[in-house]
Amino acid sequence: MNRLEHQGQMAAPDIGAIPGLLNNAGIATTEVTDIKGSALAVAIEARFWGEAAAVTAANHIRWCAVWGEHRPPQIDITAVLAGKNGHLLIRTTVPDAQGELPSQTPAYPAANRPERYVQEMFGIHFTSHPDGRRWMRHQAWAAEQYPLRKDFPLAGTPQEKTPPDCEYPFIPAEGEGVYEIPVGPVHAGIIEPGHFRFQAVGEDILSLEAHLGYVHKGIEKCAEGRDLPGLIRLAARVSGDSTVAHSWAACQACESAVGVTVPRRALSIRAILAERERIANHLGDIGACCNDVGFAFAQIQFSRLRELWQRQNAAVFGHRLLMDVVVPGGVSHDIGSEQINLMQQSARQLRHELQDLLPLLYEYPSLQDRLRTTGMLSLDTVRNIGALGYVARASGECWDLRRDAPYAPYDEVVVTVPSYSGGASSSRLRVRGDEILVSLELLDQFLTNLPAGEIWQAFPILEKACSGVAFIEGWRGEIIAYVHLEANGIVSRYFPRDPSWLNWPALEALIGGVIVPDFPLCNKSINGSYSGHDL
Amino acid sequence: MTGWLLAMVQTLCVVLFAPFMAGWVKWLKCKLQNRQGPAPWQPYRDLLKLSRKEVLLAVTASPVFRAAPYVVFSVTVVAVSVVPIVSVQLPTAALADVIVLVGFLALARFFLSLAGMDIGTAFGGMGSSREVTISSLAEPALLMAFFTLSMNASSTNLSTVISHLVQSDFILYPSLIFSSMGLILVAIAETGRIPIDNPATHLELTMIHEAMILEYSGRHLALMEWAAMLKLTLYSVLIANLVIPWGVAMTLAPGDILVGIVAVACKLLVLGALLAISETVQAKMRLFRAPQFLGLAFILSLLGMMSHIILEVG
C-alpha cells in the first residue's frame, strides 16, 4: 500500500515566461501592479483575448478561472492561467455598454461555463463562444438583468414566487432505443440539488449533461458592502465542506491586498485546520464511495472515523466543520500543549486504524470489482478540461499548490503528492486514502514545530482601494479568491473559484461507456460541490 | 376442517411474521456493522405508519397502478399458503405444486413490473426492465432446482418432496447439494438482496425493486413493502424446508406441529443471520455481472439434475 507514484509535470513553461510568449505572438502586455498576491499580472487589449488563450493553450498552460469586476463605465475581466510554478493573471477592460470579448473557450474547454456565467452576470457578450445557452440563470431574474453590475440592487429583484425552470435546452440524442433519464434536482438522498440529464440506450449511458445553479445564493453580490470579518464569514460558507480553505483563500487575498503579515503561528494553525478538513472530507468520501456500491461495512467504519475526527474539531476549535476559525489577520483559536497532544494522539490512532482499513479496501475483491475500470478519465481529458485535485491526480496530472507553488507555511515542509495513472474510480479512492496519510504526516509536523507567538495581526486603517488574489489548495483542489477593497475597508468585489467549476465537467467527460447504475459511484468519486459552483 | 383452519392460521402467522424476518436481518446487519440499528420489530411500526399516511397518486396513474399493490400482496399471500411450512399434512398440500408456486411468483412480478412502468417515469421503467431481465434468468434456474428435487421424490408436489426427503435415509446426494446451492443463489436474486440489489439504497439509478415502487405512498407502499418481506420469508421457508427439511411435522398431532413451528422458526432466524453476514461482507455487483451470478445458479441446478440422472437413478 501507499505506493506513491511521481509523474512528470505537464510540459508547461515557467510562469514568468508567459508574457514573453504572448509578446512573441504579437500580443502586447503591460504589467499590472495593483493586484497583490502570489501571481504575476499583465493587461492585454480586449481584441487579443481569444488569441492570447490560443497561444497559452498551445504551450500547455492551464486555464483556471475568469471573473469580471464592474467599475462603471467599464468592466474589468481577469483570467487566471497556471504555469509549472505559479499563476498569471491576464486582465482586459471592456465597456459595460454592449461589451464584447472574444471567447477563450475554443482554446480552453474549461472556460465554457465560467464564461457563460460572466456573460450572465455582467452582460458581456463572448463572441465565438461555442455554447450560447444560459448557465447559472434560472428564472429568478430576467435575462436582461446582470446581477453583478453595480446598478443591480443588492437585495436582488425577488418575485413572490420564482417560476420553475423547465425550459433549459439540453442537447438531445436521437436514435432507436435512446431514452432520457432526468435525475434531480431533488434527490432521494440528503445531498445538494442539481439536475442530471442522461441519454441512454438500455443501461449504457450515451451522454450526460449537468444543469446546475439550483443553489445560487448570490455570494458575490452578498459580499459587496461587507466589512472584512463579514466577508470572511461569508467566504466560510461558499461550500460548507471547504470552509477552512475558502476562508483562508479570502483572508490571504485581503492580507496580500492590504499588506498584512500574518504571524507564523497563525499560518501553522491555518495549515493544521486545512489538513484536518482534508482528512475529514476524504474519510467521508471513501465511506460514501463504498456506500454507493452497497458496501455498508466500509461506509460505517469511515463515518465513524470521520465523526470522531469532527468531534475533536469541536472540542479543540469549537466547531465540527472548523467554520470561522480562520479570521482576517490570523486565526480565532489558539491551541495549547494539551490540545496538541490530543490531536497528535488522535492522528496516531487514525493512522493505526487506516493501516488496517485502507489495504483491506484496496484489495477487497467484491469492492474493487466495482471500482476498477469504472469511470475512466484519461490524462488527456484531464488536461483538456483542467480538472483539479484528486480527480486530476488519479489520472496522472500531479499538481498540488502546496508543493508546486507553495504558500506559507507549506514552504517549510516537504509535501508528497500521491498520483496514479488510469483515472478509474478505484484510483480516485486510492489518491484520497494516500492523501489522508500524507496529511497526517504534515499535521504531525505542524503540531510538533508550532512556532510561538501571536495568532492574530490587526489590519491597519486602509488609505486607498486595493485588491488581492490568493491560491490555496483545498481538499478538492486549487481554490482561488479575488478581493477588491474600497478605501474605507468595504468589500466591493469578492470572487471565489471553487475547484468544482472545473471538476463537474470531468463527470460528464468520464461517463461515456459507463452503465446507469454505476453513475452514483462516478459522481461520488468526483464529488463536486454544488454550492461552491453555484455561488 | 381442522386442516383448513390450521392452513389458514399458518398462512396468517407467516404473513404476520414476515416483517419481523426483514427487521431481524436488518437488525443483525446493523450489529455486524457496529451500529445501534432499529429494533427487529421496526418494520411493523413502518407498515403501521405507512398505512395511516395519505396515498398520493400521480396524475398519469392508471387503475393498474392502484390495483397492483393489492394483486401483488394477495398473490404473494396465496403463494405462501401453498408452501408446506410446519406440516406436510395440510389440505393445501394438494395445491403445493412447484410449478404453481413459480407461477404465482411470476404473476406477482408481472403486476409489480407493470406498476413500475405505469406512471411513465424513467426510474420505474428502468426498475421494471432490470427486474424482468433478472427474473428471466432466475426463473429457469429456480425451475431447474425444483425439478431436481422433484425427480428425487418423483413428484412436483412440495409436500411429497419434503416427506420424501425427511423419510428417506440421510445420505448426502450430490444432486441435492447442487440444487440447494442453485436455489440459494436464485433466492438472493429474487428477493433483491446484495449482491444483486441493495434494499437499503437511496440511489435511484442503482435500484431494482425500489425503483419500481418509487412512486408508491401510504397504504399502497405498505402493501408493496409487506409483499417484499413476505417474498423474503417465502424463499427462506423454501430453503429451510427443502435443504434442511428435518423438523417439518409429518402429521397433524399437536406435538409434531409444535416441533414443526419451533424448527421452522429456528431455521428462519439462522437463515436470516446468514443473509445478514453475507450482505455485510460483500459489495453489490455490477449490474451486468448479475447474468453471470444467475448463470452460475442455473449451472448448479443443471449439475444437480445431471448428477441425479447419472449417479442416483437406478
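What is the mean pLDDT of chain B, and what share of its residues reach 70 or more? The mean is 90, and 100% of the residues of chain B reach 70 or more; pLDDT is the predictor's confidence in each residue, from 0 to 100. This is a predicted model, in which local features need pLDDT of at least 70, side-chain atom pairs count only at pLDDT 80 or more, and totals for chains, interfaces and linings use all residues. Residues are numbered from 1 along each chain as its sequence is written, while chains are lettered from A and ligands numbered from 1 in the order in which they are written.

**Confidence**

- The predictor assigns the complex an ipTM of 0.86 and a pTM of 0.90.
- Chain A has a mean pLDDT of 89, with 98% of its residues at 70 or more.
- Residues 1–10 of chain A have pLDDT below 50, yet this stretch makes 20 contacts in the model beyond near neighbours in sequence. Two residues are in contact if their C-beta atoms, placed from the backbone, lie within 7 Å.
- Where pLDDT is low, the predicted coordinates should not be read in detail.
- Within chain B, confidence is lowest in helix H6 (residues 158–167), at a mean of 86. It is highest in helix H2 (residues 42–52) of chain B, at 95.
- Helices (H or I, at least four residues) and strands (E, at least two) are DSSP runs, numbered from the N terminus.

**Interface**

**Sheet in chain A**

- Five strands form an open sheet with mixed pairing, in the order S1-S3-S6-S5-S4. Two strands pair if DSSP finds at least two bridges between them.
- S1 (30–31) and S4 (62–71) of chain A are the edge strands; each has a single partner strand, so one side of each lacks a neighbour in the sheet.
- S4(A) and S5(A) (residues 74–82) run antiparallel, joined by nine bridges. A hairpin of two residues links them.
- Across this pair, A:His70 stands opposite A:Ile75, and A:Trp67 stands opposite A:Thr78.
- S5(A) also pairs antiparallel with S6(A) (residues 87–95) over nine bridges. Their hairpin has four residues, and A:Leu81 has A:Leu88 as its bridge partner.
- Eight of the nine residues of S5(A) are buried, so this strand is largely enclosed by the rest of the structure. A residue is buried if 20 or more other C-beta atoms lie within 10 Å of its own, exposed if 12 or fewer, and partly exposed in between.

**Helix H3 of chain A**

- Eleven of the eleven residues of H3(A) are buried, so the helix is largely enclosed by the rest of the structure.
- Its buried residues pack against S4, S5, strand S8 (125–127) and helix H15 (500–510) of chain A.
- Just after H3(A), A:Gly123 takes a positive phi of about 75 degrees.

**Nonpolar core**

- The largest nonpolar core has 265 residues, of which A:Ala250 and A:Ala481 touch the most other members. Such a core is a set of buried Ala, Val, Leu, Ile, Met, Phe, Trp, Tyr and Cys residues joined through C-beta atoms within 7 Å.
- Helix H9 (residues 218–243) of chain B supplies the largest share of this core, 16 residues.
- Beyond four places in sequence, the contacts of A:Ala481 include A:Ala235, A:Ala250 and A:Pro496.
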